[in-house]
Amino acid sequence: DSGSAKTTPEKDDLEYLTPVSIGTPPQVLNLDFDSGSSDLWVFSSELPQSSVSGQSLYDPSKSSTAEEVQGATWNISYGDQSSSNGIVYRDVVNVGGVEFKSQAVEIATTVSSQFTRDTNNDGLLGLAFSSINTVQPQQEKTFFDNILSNLDAPVWTADLKYHAPGTYDFGVIDKSKYTGDITYTDVDQSDGFWMFDVAGYGFGNSTFKAAPFKGIADTGTTLAMIPAEIAGAYYRQVKGAKLDSQQGAYVFPCDSVLPDFIFGVGNARYTIPGKFINYSLLDESDPTTCFGGLQPDMGIGFAILGDILLKSTFVVFDAGTESTPRLGFAKK
Ligand SMILES: COc1ccc(CN)cc1O
């Protein structure tokens, strides 16, 4: 098997939403594919109306193939302090033509306000490792883990774009989506994430600094949260940039010309265009102050390489066969 699904950015590339068919007849929900978590959960007919503001709802009672997983519950919280929880069904799930007949579909009975306010986001499809799936008492597998043995190649790929639709592919590495070679690097999955070594960094006219740091490839995080000293050095190159203490984030004049940010994987070097790092207005009411796409990580011990970084490359999430999982990066 192999398949391809179009993924479409919300405003400012806040997140990328991908249509997923669930149940019989198919109910299509737009989910946020998240390589930083491992639960497939959806807005559902079991939610109180006060928690729903336009999202599409999965209703298991309308699916002839839905089966409740008796006694199973889930409860998840994310880095941005948002959270959700509920109960579990199994049903057929189809992503870009690749189908799994008994995927755990975690239906929300509670969602935090950030999700209620996120009106086009109907839930998340986790693509980190199944070891951090939150279903109890019996942990469930991610969609990728479930389909892995049927895929032509043990991979999924992300081709996210700046302010434009991209694709998530399963089971195939599409040569038309990248240029040059793919550079692979080993993944340490012990925390359940796609964690790898960034070989170093550079920006503007500085020379590349071979100062490795660990990071996770996280399609479900908007920005790139990097070691604080690197973020500080980057924004010192931007006239008028400052660390907004209230936000704990760097802001700068919107007309700033931001330097490109170079990151290394192995011997390869990739460029995040400065344009991507001029992420958005800080506040719709102030057109002069903008918010950076590179921000300091919160000292959690690893960087969170989200969409700002990922969208500048073609990324292969490779489960490996006998060997360890690995990540591949290519220019595009
Ligand atoms: C509030 O919205 C979200 C919270 C957390 C994640 C996962 N990083 C994705 C979201 O769309």
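Select Ser38, Asp39, Leu40, Gln103, Ala104, Glu106, Gly126, Asn133, Glu140, Lys141, Thr142 and Phe143: these residues line the largest cavity. On a 1 Å grid over the protein atoms alone, a cavity is a set of points where a 1.4 Å probe fits but cannot get out, and lining residues have an atom within 4 Å of a point. You are looking at a predicted model, where local features need pLDDT of at least 70, side-chain atom pairs count only at pLDDT 80 or more, and totals for chains, interfaces and linings use all residues. Residues are numbered from 1 along each chain as its sequence is written, and side-chain values use heavy atoms, with hydrogens and water left out.

**Stop 1: the cavity**

Stay with this lining. The cavity has a volume of about 40 Å³; a volume is the space filled by probe spheres set on the points, and grid points are joined across faces, edges and corners. A search of the whole structure finds one cavity of 30 Å³ or more. Rolling a probe the size of a water molecule over the atoms shows where empty space is left.

Now colour strand E7, residues 98–111. E7 gives the most to this cavity's lining, with three residues. Strands (E, at least two residues) and helices (H or I, at least four) are DSSP runs, numbered from the N terminus. By class, the lining has three nonpolar, five polar and four charged residues. Here Ala, Val, Leu, Ile, Met, Phe, Trp, Tyr, Cys and Pro count as nonpolar, Asp, Glu, Lys and Arg as charged, and the others, Gly among them, as polar.

**Stop 2: the largest pocket**

Move to Gly79, Asp80, Gly220, Thr221 and Thr222. Of the 41 residues that line the largest pocket, these are the closest to its centre. A pocket is an open set of points with protein on both sides within 12 Å along at least five of seven lines. This one has a volume of about 1400 Å³.

Which element gives the most to the pocket's lining? Select H1: it supplies three residues. E3, strand E5 (67–77), H1 and strand E22 (294–296) each supply at least two. The lining divides into 18 nonpolar, 14 polar and nine charged residues.

**Stop 3: the ligand**

Where does the ligand sit? Look in the largest pocket. To sit there, more than half of its atoms must lie within 2 Å of the pocket's grid points.

Show the shell: Glu15, Asp32, Asp34, Tyr78, Asp80, Ser82, Gln114, Phe115, Asp118, Asn121, Leu124 and Gly220 surround the ligand. Each has a heavy atom within 4 Å of it. Strand E3 (27–34) and helix H1 (113–117) each supply at least two shell residues. Three shell residues are nonpolar, four polar and five charged.

- Glu15: a polar side-chain atom lies 2.8 Å from a ligand oxygen.
- Asn121: a side-chain N or O atom is 3.2 Å from a ligand oxygen.
- Gly220: a polar backbone atom is 2.7 Å from a ligand nitrogen.

The protein covers 87% of the 310 Å² of accessible area that the ligand has on its own. Such areas come from the Shrake-Rupley method with a 1.4 Å probe.

**Stop 4**

Most residues other than glycine have a negative phi, and most peptide bonds are trans.

Select Asp12, in the loop between strand E1 (3–9) and E2. Asp12 is not a glycine, yet its phi is positive, about 60°.

Go on to Thr24 and Pro25. A cis peptide bond joins them, with omega about -10°. Pro25 is in the loop between strand E2 (16–22) and E3.

Finish at Gln136 and Pro137. Their peptide bond is cis too, with omega about 0°. Pro137 is in the loop between strand E8 (123–126) and helix H2 (143–147).

Methods. A polar contact is a pair of N or O atoms within 3.5 Å; within protein, one must be able to donate a hydrogen and the other to accept it, and residues adjacent in sequence count only if both atoms are side-chain atoms.
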